[in-house]
Amino acid sequence: MLTLLAQLTIGAANLVAAFLFLFGLKRMSSPATAASGIRLAGIGMVAAVLASFLYVLNIDDSVKPYLLMNITLALLALAIGGVGAWLAGRKVAMTAMPQMVAIYNGMGGGAAGAIAAVELFGNNAHDASQLIVTLLGALIGAISMSGSVIAWAKLQGVINKPLRIKSQQIINGVVFLAAIAVAGWIVFVTLSGADPLISISSWTYIFFAIALIFGILMTLPIGGADMPVVISIYNAFTGLAVGLEGFVLGNPALMIAGMVVGAAGLLLTLLMAKAMNRSVANVLFTNFGDIVKAKHGAIKGTERETAASNAGIEMRYASSVIIVPGYGLAAAQAQQKLYEFVKLLQAAKVSVKFAIHPVAGRMPGQMDVLLAEAGVPYDIIFQLDDINEEFATTDVVLVIGANDVVNPAARTDKSSPIFGMPILNADKAKQVYVIKRGQGKGYSGIVNALFYSPNCNMVFGDAQAVLIKMIESVRSLGKASS
């Protein structure tokens, strides 16, 4: 009776968790409901974790001597992980959000790999399908873990540039095939009972080592400009690995959560690759994002600098303004000052809108989160396809720290690495102001032709300091008129 009750309770908890995962993900599709969606999915995860403790009611007598120790270790792990994540989540700066997402995603892949390791070292997978799925989940999880760590190192500045070696792609292919070959050998030996030469456990260690090495080699050559897509790819990998291990364990909550995350990550990856006019294979196997040497003489004109006060005053007397946020806004933590400036413009009857490019920033959706943190209303935030036609009739465009996403070379320069990439048509506005920390080329290392256009003026400086000066200039107009 106790066993039946435990099974019913576990099944009900998994059903509730699965529903909350799906409903929470649906809520996350809109900025207005995303916060509640995250909370619902979090409640679902709590239900799934609590349900896992009910499995102790179904264990056999041979495991009971280890029960107390295992429960203690599980509770200790939950406490350490929960407290650590809570503190890190509260303290992490918006500029460090991509790094946090990357490292936490790696932890998810590592967890899936750890589940697979328990199954493999414990000889719990016996039939062919279960063993193959376990090894596949282990491979994907290990790749996601080591690859995400390298992505974190690149975003954190620990690794400052792509690291490439001669015949990189050939070496990567050989390493990947080696992992597949070792996995095939493990399956063959386990099912046939043939002499493994060395123990199955040793082959399993070799398999995990090769998989981790492949994740590192796969990520090291990828340039910084591609990190948003890389994060999304590894997110899909982690979800797939979790779903596969859920199948091995017979856990519906893990299967549903993993497959939903995997599918969402895959769709996001494809959308972002489309936004860059590139394929996923092109991201993984080319040198885009490496430092690109500028072609002297290719861009005509000069950069024209203007004062922040002049830019602020012109926007105050404009009829329409579109703001294009980029990573420079996050780096300066200037989103609150930006919205303060926007409210001053709106009070002067200026129409203000925000234009978001799918790959702006260093992680998917970073600009949307940044603006939401400042309290910017969702109804004035527009994505590329919804606002691009409006630039031609807009008085002033304010670009803050964005680079490639407003570079007209994507439309005109066939020699540019970003040629063909859909961009925000900021250059078509009557006047463009660009807030930039210096005369550098931005994260991708590509010179921006917009900065040399006749209708563009540069406002050099930290975004927060510049916006404070703009706010002061607009407010002084009000004081003068009174």
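Biologist: In what sense do E4 and E5 pair, and over how many bridges?

Modeller: E4 and E5 pair in the parallel sense, over five bridges. Two strands pair here if DSSP finds at least two bridges between them. Helices (H or I, at least four residues) and strands (E, at least two) are DSSP runs, numbered from the N terminus. Keep in mind that this is a predicted model: local features need pLDDT of at least 70, side-chain atom pairs count only at pLDDT 80 or more, and totals for chains, interfaces and linings use all residues. Residues are numbered from 1 along each chain as its sequence is written, and side-chain values use heavy atoms, with hydrogens and water left out.

Biologist: Okay. What is the bridge partner of Val399 in E5?

Modeller: That's Val434.

Biologist: And what's the strand order in the open sheet?

Modeller: The order is E3-E2-E1-E4-E5-E6, six strands with parallel pairing. Strand E3 (381-383) and strand E6 (456-460) are at the edges with a single partner strand each, so one side of each has no neighbour in the sheet. From one strand to the next, the twist averages 25°. Angles run from 0 to 180 degrees between N-to-C directions, and axes are lines fitted to C-alpha atoms, for helices over the stretch in contact.

Biologist: Which strands does helix H11 lie across?

Modeller: H11 (residues 308-316) lies across strand E1 (320-325), E4, E5 and E6, and runs at about 140° to E5. Helix H13 (residues 335-347) also packs on the sheet, touching E1, E2 and E4, and its direction makes about 145° with that of E2. Contact means heavy atoms within 4.5 Å.

Biologist: Switching to charges. How many salt bridges are there?

Modeller: The count comes to five salt bridges, each being a side-chain nitrogen of Lys or Arg within 4 Å of a carboxyl oxygen of Asp or Glu. One of them joins Lys353 to Glu390, with the closest N and O atoms 2.8 Å apart.

Biologist: What parts does that pair tie together?

Modeller: Lys353 is in strand E2 (residues 351-356) and Glu390 in the loop between helix H15 (384-387) and strand E4 (396-400), so the pair ties together parts that are 37 residues apart in sequence.

Biologist: What does Lys430 form a salt bridge with?

Modeller: With Asp395, where the closest N and O atoms are 3.1 Å apart. Lys430 counts as exposed at 55%, whereas Asp395 counts as buried at 17%.

Biologist: And how far apart are N and O in the salt bridge of Arg411 and Asp427?

Modeller: 2.5 Å, N to O. Arg411 lies in helix H16 and Asp427 in the loop between H16 and E5, so the pair ties together parts 16 residues apart in sequence. Arg411 is partly exposed, with a relative accessible area of 33%, while Asp427 is buried, at 17%.

Biologist: Which residues do salt bridges that share partners join into one network?

Modeller: Lys337, Glu340 and Arg475.

Conventions:
Buried < 20%, exposed > 50% of the residue type's maximum accessible area, 1.4 Å probe, protein only.
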